[in-house]
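Hi,

Here is the structure I said I would pass on. Have a look at it first, and my notes on what turned up follow below.

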Amino acid sequence: MSRATLFFAAFLVPPLALAHHGGAEYDLGKTVEFKAKLTKVDLINPHAWLYFDVTEKDGKVSHHRCEMRSVHVLRRSGWTKEVFPVGQQITIEASPNKTDPASCYLQTILTADGTRMDRYGQYVKAPQGGVQEVRGPIVTPKNNRQPRRPTGEPNIAGEWAPVQQVMVDPRGTGGGLVRLDELSQRKSGERPANPAGAKGKGVGAGKGPRLYGGTELTEAGEKAAAEVKREDNPRFHCETTSIVFDWTFDGPVNRITQNKDTIVLEYGQFGLKRTIYMNLREHPNNIKPSRAGHSIGHWEGDTLVVDTVGFLPGFLNTPVRNSDKLHVVERFSLDPDKIALTRSYAAEDPVYLKGKYTGSDTILVADAPYSPGKCQELNFIDYSKQQKQ
């Protein structure tokens, strides 16, 4: 990085942002500028990557890459491969990796024609060519769906997505996370009083025992949580964390299909597929354990109640582990006026949880089609060493 132009900007990085991006390997208190040639863009999960070459004063060429957000939020934000023609000259502003000089955390990319794209920016095609920024959602989904199916139950079929959470500073260098549909009310760099996603007392918040989803962990749960390392996180292995966590984490587009005897949930986060059996009153005895578990459901009025057991041991939400005794109950309800699907959930696990792990989330008609996309975790590669091999 010493070959690049360095300039420093002091800012406060919210803990939530670090947890969200796993940015511990980057020095988010510094900004590095590269004058470079774009060589490749890899739009994948859990993070997309931008590759570029820098020609040094002595004529030697060094190879670099910058981490971007996940492909499913980038495509919802108007980022496509067509925006990045290979071979063009670009200027990149980024936070350097602490140990890998060839890797960085993208803040801003500037192209030769003056187009500027910030990490959290939302973009549409500009009339004069290139792209232009939109301060808020780029698409307003059409509301032409029927609230009920011909058989009478609420119509929850279709493609759904949570409102994106973005940083007030579009470069991703602080200011806290807010809902995208509230972004126009914020000034760049402003820190919200209650950052998006912060609810209740979490790890390290306030006095008293640590709470996860409103419950304490058992002694075994505390021990297991303390031993978790960053690389243990399932999403860094392109694996689903849990049916609870991945439904809305990082803004995926999910798909629901309602059939006569089943309801199928497909997660945009790594393509997890769940089948809810509506014609069973009890779970079978010969369940094959999986990350999706075995789900049975029924309607209580206009509320879909889903009961799921048969899980493989894993994580409910890192660092909270789950055992094969995990039991999850979800309740889905549709607001026909707002076309909003709210899910509340309660998870019990006598091995790791003292009480119930609870919460809720809401998704809206999606602003992009369902696509789990390709996944390849590249964060743990030392790109500098790789180039020397």
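A word on burial before anything else: I call a residue buried under 20% relative accessible area, exposed over 50%, and partly exposed in between, using a 1.4 Å probe and protein chains only.

Two housekeeping points. This is a predicted model, so local features need pLDDT of at least 70 and side-chain atom pairs count only at pLDDT 80 or more, while totals for chains, interfaces and linings use all residues. Residues are numbered from 1 along each chain as its sequence is written, and side-chain values use heavy atoms, with hydrogens and water left out.

Back to Ser70, then. You will find Ser70 in the loop between strand 4 (61–67) and helix 2 (71–76); helices (H or I, at least four residues) and strands (E, at least two) are DSSP runs, numbered from the N terminus. Leaving aside neighbours within four places in sequence, Ser70 is in contact (heavy atoms within 4.5 Å) with Ile44, Asn45, Pro46, His47, Ala48 and Asp250. With Asp250 there is a side-chain to side-chain polar contact at 3.2 Å. By polar contact I mean a pair of N or O atoms within 3.5 Å; within protein, one must be able to donate a hydrogen and the other to accept it, and residues adjacent in sequence count only if both atoms are side-chain atoms. Also worth a click: the C-alpha atoms of Ser70 and Cys375 are separated by 9.3 Å, although the two are 305 residues apart along the chain.

Next, the rings. The whole structure has 10 aromatic pairs, where rings of Phe, Tyr and Trp (its six-membered ring) pair if their centres lie within 6.5 Å; planes under 30 degrees apart count as stacked, over 60 as edge-to-face and the rest as tilted. One of them is Tyr26 with Tyr105, a tilted pair at 5.7 Å centre to centre and 50° between the planes. This pair links distant parts of the chain, 79 residues apart: Tyr26 is in the loop between helix 1 (15–21) and strand 2 (30–42), and Tyr105 is in strand 6 (residues 103–111). Tyr26 is buried at 2% relative accessible area, and Tyr105 at 1% relative accessibility. Phe245 and Phe249 make a stacked pair, 4.6 Å centre to centre with 25° between the planes, and both are buried. Ring pairs also join Trp79, Phe84 and Tyr123 into a cluster.

The criterion is NZ of Lys or CZ of Arg within 6 Å of the ring centre and within 35 degrees of the ring normal. Arg230 does likewise over Phe236, at 4.5 Å from the centre.

Ser95, in strand 5 (residues 89–96), is buried at 0% relative accessibility. Beyond its neighbours within four places in sequence, its contacts include Tyr26 and Tyr105. A polar atom of the Ser95 side chain lies 3.3 Å from the backbone oxygen of Lys30.

Now the strands further along (two strands pair if DSSP finds at least two bridges between them):

- Strand 16 (residues 294–300) and strand 17 (residues 303–309) are antiparallel over 7 bridges, with Trp299 opposite Leu304. They form a hairpin with 2 residues between them, and Gly301 in the turn has a positive phi of about 65°.
- Strand 17 also pairs with strand 20 (residues 327–335), antiparallel over 6 bridges, with Val305 opposite Arg331.
- Strand 20 and strand 21 pair antiparallel over 9 bridges; the partner of Arg331 in strand 21 is Ser344.
- Strand 21 and strand 22 are antiparallel over 8 bridges, and Ala340 has Leu364 as its bridge partner in strand 22.

Strand 17 is largely enclosed by the rest of the structure, because 5 of its 7 residues are buried.

Finally, the cores, meaning sets of buried Ala, Val, Leu, Ile, Met, Phe, Trp, Tyr and Cys residues joined through side-chain atoms within 4.5 Å. The largest has 31 residues, of which Ile256, Leu265, Leu316, Leu341 and Tyr357 touch the most other members. Among the strands that each supply at least two residues of this core are strand 17 and strand 20. A second, separate core has 26 residues, including Leu43, Ala48, Phe52 and Ile109.

Cheers
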